[in-house]
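Have the viewer open and try each task before reading its solution.

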Amino acid sequence: MKKIIKAALSLTMAAVLTFSLFSWAFAAADTATPVEIKAKAAVLMDASTGRVLMKYNENEKLYPASVTKIMPLLLITEAIDEGKIALSDVVTVSGSAASKGGSQIWLKEGEQMTVDDLLKATAVYSANDACTALGEYLAGSDEAFVKMLNDRAKELGMNNTHFENCTGLDDTTDSHLTTAMDVATMSRELLKHELITNYTTIWMDSLRDGKTELVNTNKLVRFYEGTTGLKTGTTSKAGCCVSASAMRDGTHLIAVVMGSDNSSDRFETAKAMLNWGFANFSTVKPEIDSSLIPDVGVINGVIEKITPKIPQVSPVLVEKGRENEITQTIDLAVDVEAPVEQGQVLGTVTFRLGDDLLGEYNLTAPDQIGKLTFGIIFTRILRSVVL
């Protein structure tokens, strides 16, 4: 009897072990990536569409170090594009900004520098003093600027992010945290502003009439074809991080790497992710076939037909080799009742790749069309008689 019980226990243990191994293998397969990730977390995102192509621990909260500065750079470029501040504006450096440690250009209290130069120092050299000076100039104080950073993060849906400062210095905080996914989100938003790449693609430059040399902390700017940015960061808590963006043949990708053991690992991982993305995906711009879009009848309108306005179509990212598999479906009203407002939706054009929705666009009325009245009819009759 004991032998039977012992045998049954052995079978049970084997079953548990088999199940555990199966569960582990399933979990490993679920988090598998097509390239080796030498980091705590990573995300590969298409900058144009926001589509995530690769992810690894993407929602784990981590210290971002100076990758933090992507958000200050976003707020500054937004303010410039909106006309709130200008590149030529002169900023007077405060004592608080001048006292920032870490990477810096050694600003002195009372020193004056243009927004253009401070932006360059922040984007290229990751200068904490320059970033703080910009924030104080825009928001009025360092504290107000940090609030702006967190408010903008919420607007972008970065729900796993909290900024304690604008620099990424983390030696006195345990709550300055974000995720690889949130970093990709704010990186994508920043890249919508073409101005920023005037700075993030600089390899070497200088300030103060050549007295202060700047060398980009992002080595990919020099060594990786098509690099457009974006920002590195390193502290003992964060490890080595980078949000690396690059564009090739119209495809713009963002590779976020957080928590690498060393600088080489972060850049090699970012390159591997970008290489995989460029090798497997391409960006195409579908064209709406106007021959498939007939005029729409207008019931009781001053004109009988209206030609729908064809919208601009955004580029889409597809797997290479499947570009010709994109289909379009036209859904258009046969007629509409007058009056018709300008911009009124008459139908839609839908693009798909298999079962995946790539985009949906409205076909609209290009002009306003009034309703046919008895007075208009009578006037037309009179004109015809006179003629």
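**Exercise 1.** In this predicted model, find what sits over the ring of Y224.

*Solution.* Start at the ring centre of Y224 and look for a charged group: the charged end of R248 lies 4.4 Å from that centre. A charge must be within 6 Å of the ring centre to count, and 4.4 Å meets that distance limit.

**Exercise 2.** Classify the pair formed by the rings of W203 and F223.

*Solution.* A ring pair is described by the distance of the centres and the angle of the planes. For W203 and F223, the centres are 6.4 Å apart and the planes meet at 70°. Angles over 60 degrees count as edge-to-face, so this pair is edge-to-face. Finally, check F223 for exposure: its relative accessible area is 57%, so F223 is exposed.

**Exercise 3.** Work out which residues have the most contacts inside the largest nonpolar core, and which element gives the most to this core.

*Solution.* The largest nonpolar core holds 62 residues, and M71, I105, L118 and M186 have the most contacts within it. Now turn to the elements: α2 gives the most, with eight residues. To see the surroundings of I105, set aside neighbours within four places in sequence; its contacts then include M113, A121, Y125 and L207.

Terms used:
Residues numbered from 1 in each chain as written. Predicted model: local features only at pLDDT ≥ 70, side-chain atom pairs only at ≥ 80, totals over all residues. Heavy atoms only, no water. Phe/Tyr/Trp six-rings, centres within 6.5 Å; stacked < 30°, edge-to-face > 60°. Buried < 20%, exposed > 50% of the residue type's maximum accessible area, 1.4 Å probe, protein only. Lys NZ or Arg CZ within 6 Å of the ring centre and 35° of its normal. Core = buried A, V, L, I, M, F, W, Y, C linked by side-chain atoms within 4.5 Å. Helix = DSSP H or I, 4+ residues; strand = E, 2+ residues; numbered from the N terminus. Contact = heavy atoms within 4.5 Å.
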